[in-house]
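This briefing concerns the model displayed below.

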Amino acid sequence: MRSLRSPLARVLGSGSAKEGVHHWWAQRLTSVALVPLGVWFVVSLLSLPALDHATVAAWIGHLWTAVFLILLVLAGAWHSQLGVRVVVEDYVHGSGAKALTLALVTFFHVIVAVAGVLAILRIALGGAS
Amino acid sequence: MTQRPLSPHLGVYRMYRYTLLTSILNRATGLVLSAGLILLVYWLVAIASGAEAYRGARQLLSLGVLKAVYLVLLATFAYHLVAGLRHLIWDTGHGLEREQAKRSAALVVIASILLFVGLAWWALHAGTHTS
């Protein structure tokens, strides 16, 4: 059967349903993870007796705090990148501007994720005194 | 060249529709939480930079104006969480009938307001964070 996709769409790699499923699935997976992680983070933060350096560094120094915080930053950054991507695709017009914005958005999210994870590791491993 | 309509086509939507309102709010709160993620990482990097560097960052982070920002973040967190749960339930194929969606839209608004009020009360009264 003749494909209904135009040759241009085929060359640009757009229009196939097979790609979009990954975005959809990753968005659901990260949102399911972020429900407990988000609730845990807000509750923990509000439960901290104080926010001075010693208290927060000791809190992040606990193994499971560091584990959940890293997961929160990674899932949060991934979920955010997927969400902001859709907003850019909807509202930034012109393929050049769109591609450039999407690249910047992705780079920025990677920077945020790497900086967050490294900071948590440094605190958890005792290098933040 | 023909002028084809672009989507999203804000001019023709009826903004007061509950479907549109709950949807656009979910998107808007998501964007605000993306900014919140930057704030979270800034805080983590400040802690990781040592006690001296953290003192300076904390002075900045405890500015009076930022209290309003934290309350906005709590509100957006509450809404995005509850509205996101509604989306996850929809993904299982439940609650998609018009009457059910209308009811769940009201439920999302009420539940997120209650959650926000509870969290805000906790943040403002129960915590010792003001110090």
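In this predicted model, helix α1(B) passes helix α2(B) in a left-handed crossing. The contact between these two helices is made by W43(B), A46(B) and I47(B) of α1(B) together with A53(B), Y54(B), A57(B) and L61(B) of α2(B). By class, the residues of this contact are 7 nonpolar, with no polar and no charged members.

**Geometry of α1(B) and α2(B)**

- Helix α1 of chain B covers residues 18-48 and helix α2 of chain B covers residues 51-61; their axes lie 7 Å apart and the helices pack at an angle of about 150°.
- Because angles over 145 degrees count as roughly antiparallel, α1(B) is roughly antiparallel to α2(B).

**Packing of α4(A) against α5(A)**

- In chain A, the axes of helix α4 (residues 63-91) and helix α5 (residues 95-124) cross at roughly 170° and come within 10 Å.
- This angle makes α4(A) roughly antiparallel to α5(A).
- On the α4(A) side, the contributing residues include A66(A), L69(A), I70(A), V73(A) and L74(A).
- On the α5(A) side, they include L102(A), V105(A), H109(A), V112(A) and I120(A).
- The contact of α4(A) with α5(A) comprises 15 nonpolar, 6 polar and 3 charged residues.

**Residue A78(B)**

- A78(B) belongs to helix α3 of chain B, which spans residues 64-91.
- With 22 other C-beta atoms within 10 Å, A78(B) is buried, because the cut-off for a buried residue is 20 or more.
- When neighbours within four places in sequence are left aside, A78(B) is in contact with S112(B), L115(B), F116(B) and L119(B).
- A78(B) and L60(B) are separated by 18 residues in sequence and by 25 Å in space, C-alpha to C-alpha.

**Contact between chains A and B**

- Between the two chains, 32 residues of chain A are in contact with 29 residues of chain B.
- On the side of chain A that touches chain B, α2 (17-47), α3 (53-61), α4 and α5 of chain A each supply at least two residues.
- Helix α4(A) gives the most to that side, with 8 residues.
- The side of chain A that touches chain B divides into 20 nonpolar, 9 polar and 3 charged residues.

**Confidence in chain A**

- The average pLDDT of chain A is 91, and 90% of the residues score at least 70.
- Within chain A, confidence is highest in α5(A), at 97, and lowest in helix α1 (residues 7-12), at a mean of 70.
- Where pLDDT is low, the predicted coordinates should not be read in detail.

How values were computed:
Residues are numbered from 1 along each chain as its sequence is written. Chains are lettered from A and ligands numbered from 1 in the order in which they are written. This is a predicted model: local features need pLDDT of at least 70, side-chain atom pairs count only at pLDDT 80 or more; totals for chains, interfaces and linings use all residues. Axes are lines fitted to C-alpha atoms, for helices over the stretch in contact, and angles run from 0 to 180 degrees between N-to-C directions. Helices (H or I, at least four residues) and strands (E, at least two) are DSSP runs, numbered from the N terminus. Angles under 35 degrees count as roughly parallel, over 145 as roughly antiparallel, 65 to 115 as roughly perpendicular and the rest as oblique. Two residues are in contact if their C-beta atoms, placed from the backbone, lie within 7 Å. Ala, Val, Leu, Ile, Met, Phe, Trp, Tyr, Cys and Pro count as nonpolar, Asp, Glu, Lys and Arg as charged, and the others, Gly among them, as polar. A residue is buried if 20 or more other C-beta atoms lie within 10 Å of its own, exposed if 12 or fewer, and partly exposed in between; C-beta atoms are placed from the backbone. pLDDT is the predictor's confidence in each residue, from 0 to 100. A crossing is left-handed if the near helix is turned anticlockwise from the far one by less than a right angle, and right-handed if clockwise.
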